[in-house]
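Biologist: I would like to go through this model term by term. Please set each value against its cut-off.

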Amino acid sequence: MRKQFIAGNWKMNLNLSGGIKLVEELWSYIGDVKDVEIAVFPPYVLIPAISELKRKKKIDILLGAQNMHWENNGAFTGEVSPLMLKEFDVTHVILGHSERRQHFGETDQAVNRKVRAALECELVPILCVGESLKEREDGQTERKVVEQVKRGVFQIDRNSIGLLIIAYEPVWAIGTGKAATVTDASDVSRIIREAISEEYDDEIANGIRILYGGSVNSKNIAEFMGSPEIDGAVVGGASLDAFEFSKIVRYT
Ligand code: PEP
């Protein structure tokens with residue numbers, strides 16, 4: 001049985017007091033929720049304060065990062081390493097988000113190095129994949145997503161792949177208010193699971209959680225969660241409002 005997972009990707013939003021307030025409010029709304037894993041992904045500089053807040057107030061919301069480097073230390077100006085994140089109780093890391101691929105030139109090869117580094121440090125990687133609008137219109141969705149998945153898990157052995165979470169995030173649905181249909185999101189999730197099965201086997205494929213991301217809100221979440229192919233969501237804009245995010249977590 002795959003446990004549902006809801007991720008709040010803050011992107012480059014919120015300041016220190018705003019981030020703290022959001023986590024405190026969110027906890028007051030969802031502190032009793034047991035059957036869903038909930039994680040927030042603040043900008044790097046807010047992570048130490050959120051980590052401290054979690055410890056002090058016993059807030060059981062998971063803490064993640066939006067990116068990381070693949071090396072543990074070294075001459076990589078401006079980067080943050082997996083070990084640095086782990087010092088602050090970070091357990092999850094979003095990798096290969098389309099905004100990083102698009103604006104920072106992240107390739108599948110770089111994303112794969114990061115996924116491998118995360119797994120080596122026992123950080124849960126959330127590997128983001130998804131087609132652009134042009135690729136969808138050209139009928140290239142399956143080819144693109146399968147390629148990103150297979151390249152993302154390249155040379156990862158079956159003993160460590162089980163931790164991985166995959167997020168299907170069509171680029172055209174992110175931040176546009178135009179979510180994918182549940183049918184499309186379910187179909188692509190099934191294709192992703194088949195790709196994992198081809199690389200590993202059915203048992204591994206059936207254990208891996210696949211999330212949908214792209215304009216999820218409290219009004220459409222129930223439909224996505226109603227699909228047996230979809231195990232949760234990555235939520236961007238709607239995760240910046242504690243009450244709205246709590247309604248997504250309590251989608252029923
Ligand atoms: C995201 O940041 O991954 C995302 C899905 O954003 P939004 O929910 O705003 O579309």
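**Contacts, burial and the ligand**

Modeller: Start with Glu 229 and Arg 190, whose side chains are joined by a polar contact of 3.3 Å. This is a predicted model: local features need pLDDT of at least 70, side-chain atom pairs count only at pLDDT 80 or more, and totals for chains, interfaces and linings use all residues. Residues are numbered from 1 along each chain as its sequence is written, and side-chain values use heavy atoms, with hydrogens and water left out.

Biologist: What makes the pair Glu 229 and Arg 190 a polar contact?

Modeller: A polar contact is a pair of N or O atoms within 3.5 Å; within protein, one must be able to donate a hydrogen and the other to accept it, and residues adjacent in sequence count only if both atoms are side-chain atoms. The side chains of Glu 229 and Arg 190 make theirs at 3.3 Å, so the pair falls within the 3.5 Å limit.

Biologist: Where is Glu 229 found, and why does Glu 229 count as buried?

Modeller: Glu 229 sits in the loop between helix H10 (221–225) and strand E8 (232–235). Helices (H or I, at least four residues) and strands (E, at least two) are DSSP runs, numbered from the N terminus. Buried means under 20% relative accessible area, exposed over 50%, partly exposed in between (1.4 Å probe, protein chains only). Glu 229 has 16% relative accessibility, so it counts as buried.

Biologist: Why is Arg 101 called buried?

Modeller: Arg 101 is at 16% relative accessibility, so Arg 101 counts as buried. Arg 101 lies in helix H4 (residues 98–104). A polar atom of the Arg 101 side chain lies 2.9 Å from the backbone oxygen of Cys 128.

Biologist: How many disulfides does a search of the whole structure find?

Modeller: The search finds 0. A disulfide is a pair of cysteine sulfur atoms within 2.5 Å.

Biologist: How do you know on which side of H2 the buried residues lie?

Modeller: The buried residues of helix H2 (residues 47–56) are Ile 47, Ile 50, Ser 51, Leu 53 and Lys 54. They cover an arc of only 160 degrees around the axis, so they lie on the same side of H2. The arc is that of the directions from the helix axis to the C-beta atoms. Arg 55 and Lys 56 are exposed, on the face of H2 turned away from its buried side.

Biologist: What about the loop between H2 and strand E3 (62–65)?

Modeller: Lys 58 is found there. Lys 58 is exposed, with a relative accessible area of 66%. Its phi is near 50 degrees, a positive value in a residue other than glycine. Most residues other than glycine have a negative phi.

Biologist: Why is Asp 89 called partly exposed?

Modeller: The relative accessible area of Asp 89 is 42%, so Asp 89 is partly exposed. Asp 89 is in the loop between helix H3 (82–86) and strand E4 (92–95). Phi of Asp 89 is near 60 degrees, again a positive value in a residue other than glycine.

Biologist: Which residues come nearest to the ligand?

Modeller: Lys 11, Glu 169, Gly 175, Ser 215 and Gly 236 come nearest, of the 14 residues around the ligand. A residue is near a molecule or strand if one of its heavy atoms lies within 4 Å of it.

Biologist: Which polar atom of His 97 lies 2.8 Å from an oxygen atom of the ligand?

Modeller: A side-chain atom of His 97 does. Ser 215 has a polar backbone atom 2.8 Å from a ligand oxygen. For Gly 236, a backbone N or O atom lies 2.8 Å from an oxygen atom of the ligand. The protein covers 95% of the 300 Å² of accessible area that the ligand has on its own.

Note on methods
Accessible areas come from the Shrake-Rupley method with a 1.4 Å probe; for residues, only the protein chains shown count as cover.
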